[in-house]
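Here are a few notes to read alongside the structure.

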Amino acid sequence: MTPQDIRRPENIVAAKPRLLNDNTMHYCPGCSHGVVHKLVAEVIEEMGAGHIAIGVAPVGCAVMAYNYLDIDWIEAAHGRAPAIATAVKRLNPSRLVFTYQGDGDLAAIGTAETIHAANRGENIAIIFINNGIYGMTGGQMAPTTLEGMVTATTPYGRRVELNGYPLNITDLATRLEGTCYVTRQSVHTAAAVRKTRKAIRQAFENSMNGLGTSIVEIVSTCSSGWKMTPVEANKWMEENMFEKYPLGELKNTVKK
């Protein structure tokens, strides 16, 4: 087979999505953000929605998404992405509108925006990266930090009597009448990546079909914040994070 044959469309098995540009990603080794970026780009491209997609990213590690995906982006203040996305979708109902948020953003300062947008059933998709820590700012405790988990601000582990319980905001979202689809996935294995891709596709389709709010939580690692190698972080996530945040479909009123 010649190089020309390899490049023929019918011979291509896998390729980088065109919406994912050539900028070098700054994420730490083992970070889940890069994988999720690729999945978001693939799904938007597959839907033929690159020209109508609008992403909303706040601060934290998630904010750099606009540097790698060649679609329209709006940067929101910390926690306010669902409020911005609400306005964008209401003014442009034919556009694919989604937020891309971390747990320190969505489950902390953005709790009100998230809960109320979902309760209203805004026709947006929310991509929620949950690594149980504030990654960009130094590894402090987040609302999703596990009980006993060591962070920069809980050096002896999270204590319930002092810090409260970990906040499972995705489970809360299932109780809201405005949510049509709530799922919790991961990207630590090839099989998990396939499931997450499928979940993102359904969330985006729900948004375009005006069915209500979709939330795709992606349980992730933070090798730097957890002070682990990527391999150690994946193992720790499987042994600890999945117990509190089990993977699977939590709510789906749009059965296929």
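Which backbone nitrogen lies 3.4 Å from a polar atom of the side chain of D103?

1. That backbone nitrogen belongs to N131. Please keep in mind that this is a predicted model.

2. D103 sits in helix α4, which covers residues 103-109. Although D103 is buried, it has no salt bridge, and R158, the nearest side chain of opposite charge, is 8.4 Å away. Leaving aside residues up to four places away in sequence, D103 touches A108, F128, I129, N130, N131, G132, I133, A142, P143 and T144.

3. Helix α2 is worth a look next. This helix runs over residues 33-46, and its 14 residues reach 20 Å from the first C-alpha to the last, close to the 20 Å expected at 1.5 Å a residue. Just after α2, G48 has a positive phi of about 65 degrees.

4. How much of α2 is buried? Of its 14 residues, 10 are buried, so the helix is largely enclosed by the rest of the structure. Among those buried are H33, G34, V36 and H37, and also E42. The cover over the buried residues of α2 includes strands β1 (53-57), β3 (96-102), β4 (125-130) and β6 (213-219), together with helix α8 (190-208).

5. On charged pairs, the whole structure holds 15 salt bridges. E42 is buried at 16% relative accessibility, while K38 is partly exposed at 32%.

6. Another salt bridge links R95 and D72, at 3.2 Å from N to O. R95 lies in the loop between α3 (81-91) and β3, and D72 in strand β2 (residues 72-75), so this pair ties together parts that are 23 residues apart in sequence. R95 is buried, with a relative accessible area of 19%, whereas D72 is partly exposed at 43%.

7. Salt bridges with shared partners also join K38, E42, E46, R197, R201 and E205 into one network.

8. Finally, D22 and K16 form a salt bridge at 2.4 Å, N to O. Here D22 is exposed, at 69% relative accessibility, and K16 is partly exposed, at 44%.

Methods: Residues are numbered from 1 along each chain as its sequence is written. This is a predicted model: local features need pLDDT of at least 70, side-chain atom pairs count only at pLDDT 80 or more; totals for chains, interfaces and linings use all residues. Side-chain values use heavy atoms; hydrogens and water are left out. Helices (H or I, at least four residues) and strands (E, at least two) are DSSP runs, numbered from the N terminus. Buried means under 20% relative accessible area, exposed over 50%, partly exposed in between (1.4 Å probe, protein chains only). Lys and Arg count as positive and Asp and Glu as negative; His and the chain ends are not counted. A salt bridge is a side-chain nitrogen of Lys or Arg within 4 Å of a carboxyl oxygen of Asp or Glu. A polar contact is a pair of N or O atoms within 3.5 Å; within protein, one must be able to donate a hydrogen and the other to accept it, and residues adjacent in sequence count only if both atoms are side-chain atoms. Contact means heavy atoms within 4.5 Å. The expected span of a helix is 1.5 Å times one less than its number of residues.
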